[in-house]
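Dear colleague,

I am handing over the structure below, together with some notes on what was found in it. Please read the notes with the model open beside them.

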Amino acid sequence: MAQSTRIAVTPGDGIGPEVVAEAVRCLETLLAKHGLDLEWTRFPWPSHAWHEEHGESMPADALAQLQKYDAILLGALGDPGPMDDPDRYLLPDSISLAPLLDMRKGFDQWVCERPARLLPGARQYLADERAKDIDMLVIRENSEGEYVSQGGRLRKGTPDEVATQMEVFTRKATDRIIRYGFEQARNRAADRVKEGRTRTFRTLDGRTCESQVCLITKRNALRYWGDMYTEAFDEISKEYPDVATHHELVDAACMKFVQSPWAFDVVVASNLQGDILTDLAAVLSGGMGVAPSCNLNPTDPDMPSMFEPTHGSAPDIAGQGLADPTAMLFTAARMLEWLGRKDPAIAAAGKELFDAVAADLAENSGRRRGTREIGSAICERLSQ
Ligand code: IPM
Ligand code: MN
């Protein structure tokens, strides 16, 4: 018999454990209902608590341990809160967040997918009614770029100190992320056809397509990688004549995300620019409380992908049962869909979880509810 699908659950810091607890309750409910071939193990690391006890955020063999799993479900890392406790055990961001980057790098999770769709019931920050049509997928290059962590500090602590922070862009990683963007654009268009809704995008030569990829760079100033991305984009786009193409400079993209976000479909951006754009995209689609995220390795089946909401550890509300678990639950739904590539029953459970979370959001628009209350309402919906 094939081995069951295994998830490493890493709740992390701050509100992480609170929202992860709700995700686990939903998984338990789905397991009881469908008898899925799914199991999970909870890890107390990476976390501040582990660091306080062991002097490191996670054990030296952490990645080797996690690699045995099919996916990692991560809550949040960072300031554990509560913020009004000045004596709390606190680490510099560069230390507490390092495990996140280690996992992305160690498991070559080269895609970061962050959908931003304004679902019914989610908070609409933009006054324009067309905001209801916001439905984009931001794909962030997740393996290199501004995040390679190469550089150093020279003459540290002196007035002549120099800090260097290298950016590295390879053609291989550029090609794969752009191609992934085009594939997702096609998939999204096909899904829309199935759901009976189409979108149209104009190409520069006057044609209309049912999907679009917008490449974001800062090629007017950062010309070396900007030009390489542009050349790769132009070449790869020839393989996808059915997908409209578009380019924006990142500063203009920020403006257009606010001015007309409904005009975007798939967006491909570099690691740092994608990081910044996805906080903005999260707000456009209802805020951090509803924004899912995933770090994927689509090419190597031996490497686990990692699923974490876009939000952080929210130390201002940690420990109070106030955090909205919706983003975590959408993220868990995406995880099940991803794992479902090998097991259709798990994929169906992912769809069921997504639908339940979306229905809960639609019905309870704007109501103030605690973490557990939201989790319970969704579990109840799943048990019906
Ligand atoms: C994110 C976060 C991380 C990132 C931080 C915590 C290192 O902002 O996942 O978006 O920059 O990638
Ligand atoms: Mn971020």
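**Ligand contacts**

A polar side-chain atom of Asp275 lies 2.9 Å from an oxygen atom of ligand 1, a polar contact being a pair of N or O atoms within 3.5 Å, where within protein one must be able to donate a hydrogen and the other to accept it, and residues adjacent in sequence count only if both atoms are side-chain atoms. This is a predicted model, in which local features need pLDDT of at least 70 and side-chain atom pairs count only at pLDDT 80 or more, while totals for chains, interfaces and linings use all residues. Residues are numbered from 1 along each chain as its sequence is written, chains are lettered from A and ligands numbered from 1 in the order in which they are written, and side-chain values use heavy atoms, with hydrogens and water left out.

For Tyr147, an N or O atom of the side chain is 2.6 Å from an oxygen atom of ligand 1, and for Arg114 a polar side-chain atom lies 2.9 Å from a ligand oxygen atom. The residues around ligand 1 (those with a heavy atom within 4 Å of it) are Leu97, Leu100, Arg104, Arg114, Arg140, Tyr147, Asp275 and Glu308.

**Helix packing**

Helix α1 (residues 16–34) packs on helix α10 (residues 326–339) at an angle of about 45°, with the axes 9 Å apart; helices here are DSSP runs of H or I with at least four residues, and strands are runs of E with at least two. Axes are lines fitted to C-alpha atoms, for helices over the stretch in contact, and angles run from 0 to 180 degrees between N-to-C directions. The two helices α1 and α10 are therefore oblique to each other, since angles under 35 degrees count as roughly parallel, over 145 as roughly antiparallel, 65 to 115 as roughly perpendicular and the rest as oblique.

Helix α11 (residues 344–363) and helix α12 (residues 371–383) pack at about 125°, again with axes 9 Å apart, which makes α11 oblique to α12.

**Backbone**

The peptide bond from Trp45 to Pro46 is cis, with omega near -5°, and Pro46 lies in the loop between β2 (38–42) and α2 (48–54). A cis peptide bond also joins Gly81 and Pro82, with omega about -10°. Asp108, although not a glycine, has a positive phi of about 45°, and its place is in the loop between α5 (98–106) and β4 (111–117).
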